[in-house]
Amino acid sequence: MGHVMIVAVFGYFCAMHMGACQSRIVNDFLGGLWHDLPEVLTRDIISPIKRSVEGLDELIKDIEKRQVEEKILPLLPQAWHEDILNFTSDEFANRMFEDGKVVVFQGDVPEKYNLDQYQVIDGKMLKGCDNLAAFLEAWLSRRYGITSVHLESAVQTLPEQYKNKVIGGIDFGKIYQQFC
């Protein structure tokens, strides 16, 4: 639970830094908070395992989606269902909601959609926040003497992956530099 809270707080601060409208700030916070909800049902299968077999990641996503619909949604008020699905499906895509439909952006969200009516979620920025949170968790673990192959890999590869990378106007590479 600590991880999703960190991602949510990072998403909030990034959205503020981006000059996001109010609904976008709220959506980026909630997107960070709910992005791992499906993993409650399937357990957190680490990324190296998900990527080790071609198609496994997509299979796990399908199982998670089905499990959310069968196990979590029935526990929630009907009025929340659409929001929960929007925050947990395709969670790392930049998207907005228009006329009851999800519109996905390939790149950054165009400035003209930075209005409350569009209900934008900056999924790519949230992915950056998710990876930054994982990096910081690994970095702090190492500082306290806890280590593993996966922690070492995260500390080594994530800064390189985000070197000179700007997402939604946020220079993630510069953030990582402070820890290297």
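In this predicted model, the buried residues of helix H5 are Ile60, Glu64, Gln67, Val68 and Ile72. They cover an arc of only 105 degrees around the axis, and therefore lie on the same side of H5. An α-helix has 3.6 residues a turn, so residues three or four places apart point the same way. Helix H5 itself is made of 17 residues, 56–72, and its first and last C-alpha atoms are 23 Å apart, close to the 24 Å expected at 1.5 Å a residue.

The largest nonpolar core has 24 residues, of which Met125, Phe135, Phe172 and Tyr176 touch the most other members.

Once its neighbours within four places in sequence are left aside, Phe135 is in contact with Ala154, Val155, Leu158, Pro159, Tyr176 and Phe179. A second, separate core consists of six residues, including Met96, Phe105, Val109 and Tyr118. In soluble globular proteins, nonpolar side chains tend to be buried together.

Turning to the strands, an open sheet is formed by three of them in the order S2-S1-S3, with antiparallel pairing. Strands S2 and S3 (121–122) are the edge strands, each pairing on one side only. Strand S1 (residues 94–98) is joined by five bridges to strand S2 (residues 101–105), the two running antiparallel, and Asn94 has Phe105 in S2 as its bridge partner. The hairpin of S1 and S2 has two residues between the strands, and in this hairpin Asp99 takes a positive phi near 55 degrees. S1 is also joined to S3 by two bridges, again in an antiparallel arrangement, and Arg95 stands opposite Ile121 in S3.

As for the protein chain as a whole, it contains nine helices and five strands. Its radius of gyration is 17 Å, close to the 16 Å that the globule rule gives for 180 residues, so the chain is as compact as a globular protein of that length. Along its principal axes the C-alpha trace spans about 50 × 35 × 30 Å, and 41% of the 180 residues count as buried. Among contacts between residues at least 6 apart in sequence, 61% join residues at least 24 apart.

Note on methods
Residues numbered from 1 in each chain as written. Predicted model: local features only at pLDDT ≥ 70, side-chain atom pairs only at ≥ 80, totals over all residues. Heavy atoms only, no water. Core = buried A, V, L, I, M, F, W, Y, C linked by side-chain atoms within 4.5 Å. Buried < 20%, exposed > 50% of the residue type's maximum accessible area, 1.4 Å probe, protein only. Contact = heavy atoms within 4.5 Å. Helix = DSSP H or I, 4+ residues; strand = E, 2+ residues; numbered from the N terminus. Expected span 1.5 Å × (residues − 1). Arc of directions from axis to C-beta. Pairing = 2+ DSSP bridges. Rg over C-alpha atoms; globule rule 2.2 N^0.38 Å.
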